[in-house]
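Biologist: Before we discuss this model, could you take me through the labels used for it, and set each value against the definition behind it?

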Amino acid sequence: MEMTILQVFNGLSVSSILLLIALGLAVTFGLMNVINMAHGELIMIGAYSTYVTQGLFTAYMPKSWFDTYFIAALLVSFVVAALIGWLLEMILIRHLYGRPLDSLLATWGVGMMLQQIARFIFGAPNVAVISPSWLNGGLAITSNIVLPYKRLFIIVLVALVLTAMYLYIYRTVQGRRMRAVMQNRNMAGCLGISTRRVDGLTFAIGSGIAGIAGCALTLLGPIGPSIGTYYIVDAFMVVVLGGVGKLIGTVAGALGIGMFNTLFETYTSASIGKVLVFALIVAFLQWKPRGLVALRTRSLD
């Protein structure tokens, strides 16, 4: 029983991390069809924004306020990453719509530039972010099972971000405009929707969610300029497996990968478990190339 509880919790924990890093990509890649290879660097920007916020609270705020810095860091990470994403879309991505290979190469170059800028400002070695005291320790289920507060916080954070995304996409005017542009850009433009404004806002939201993911990753270990490169493949894997353009598919993809990865690692090793997950994904996509949840469209192609 205890083994089962730990297995399920570890699977949910891994799935929540995968989902958080993939949600931003689900917007930029899934909804906009832009292959953003700089997604990992936007995660890095969120992580370093948290590090800077921690330093500012340490230097200028009373010690009693230090434990509140992480809540402020979540907002700062979102805003900073969203602004950089909006600038990236306005200056570069806007001219590359419909050219996936060009966008892949261009954003890869931007990612390299952002990594070098981070090395120049913060240095090459990893830096540590001190967790607030209310995230230390864990929830004791039994004498042998303790669920870390940090992992529980990430699961709750993912649920909040996912709920906010759902409400925005399906319950707001801007969300309806986003879906209209995604399904038929030319028709949306003919109906008076400013597609350029929708593109900029959508890319900024996806980038901001990547910043939140970077902030959450600081709870799991030290951060460095290349932190995003460790997660970019997993993020694309989740989005492609779930089905490009479907939010529920991204959730299902993250849950499936997280659960199977934890299961395989239990009985093999971390590297073998990763290989088995990759093999299952390749086999599944051979069977269903559109992923778990296919996007329904009226387009003839």
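Modeller: Let me begin with Tyr149, which lies in helix α5 (residues 149–171), where a helix is a DSSP run of H or I of at least four residues, a strand is a run of E of at least two, and both are numbered from the N terminus. The model is a predicted one, in which local features need pLDDT of at least 70 and side-chain atom pairs count only at pLDDT 80 or more, while totals for chains, interfaces and linings use all residues. Residues are numbered from 1 along each chain as its sequence is written, and side-chain values use heavy atoms, with hydrogens and water left out.

Biologist: Why is Tyr149 called partly exposed?

Modeller: Buried means under 20% relative accessible area and exposed means over 50%, with partly exposed in between (1.4 Å probe, protein chains only). Tyr149 has a relative accessible area of 32%, so it is partly exposed.

Biologist: Which residues is Tyr149 in contact with, leaving aside its neighbours within four places in sequence?

Modeller: Contact means heavy atoms within 4.5 Å, and with those neighbours left aside Tyr149 is in contact with Trp134, Leu135, Asn136, Gly137, Gly138 and Leu139. Gly138 is 11 residues from Tyr149 in sequence, and the two are 4.8 Å apart in space, C-alpha to C-alpha.

Biologist: What makes Thr195 count as buried?

Modeller: Thr195 is found in helix α8 (residues 195–217), and its relative accessibility is 18%, so it counts as buried. Leaving aside neighbours within four places in sequence, Thr195 is in contact with Val181, Arg185 and Gly189.

Biologist: How do you know that Thr53 is buried?

Modeller: Thr53, in helix α2 (residues 39–60), has a relative accessibility of 7% and therefore counts as buried. Not counting residues up to four places away in sequence, Thr53 touches Tyr69, Ala72, Ala73 and Val76.

Biologist: What makes Phe284 buried?

Modeller: Phe284 lies in helix α11 (residues 270–287), and its relative accessible area is 18%, so it is buried. Phe284 touches Leu241, Gly291 and Leu292, not counting residues up to four places away in sequence; Leu241 is 43 residues from Phe284 in sequence and 8.3 Å from it in space, C-alpha to C-alpha.

Biologist: Why do the buried residues of α6 line one face of the helix?

Modeller: In helix α6 (residues 173–183), Gly175, Met178 and Val181 are buried. Seen down the axis of α6, its buried residues fall within an arc of 125 degrees, so they line one face of the helix; the arc is that of the directions from the helix axis to the C-beta atoms.

Biologist: Which residues touch the most other members of the largest nonpolar core?

Modeller: A nonpolar core is a set of buried Ala, Val, Leu, Ile, Met, Phe, Trp, Tyr and Cys residues joined through side-chain atoms within 4.5 Å. The largest one has 75 residues, of which Leu20, Leu157, Val161, Met165 and Ile257 touch the most other members. Helix α1 (residues 2–31) gives the most to this core, with 11 residues.

Biologist: How do you know that the protein is as compact as a globular protein of its length?

Modeller: The protein has 11 helices and 2 strands. Its radius of gyration is 20 Å, close to the 19 Å that the globule rule gives for 301 residues, so it is as compact as a globular protein of that length. The radius is taken over C-alpha atoms, and the rule is 2.2 Å times the number of residues to the power 0.38.
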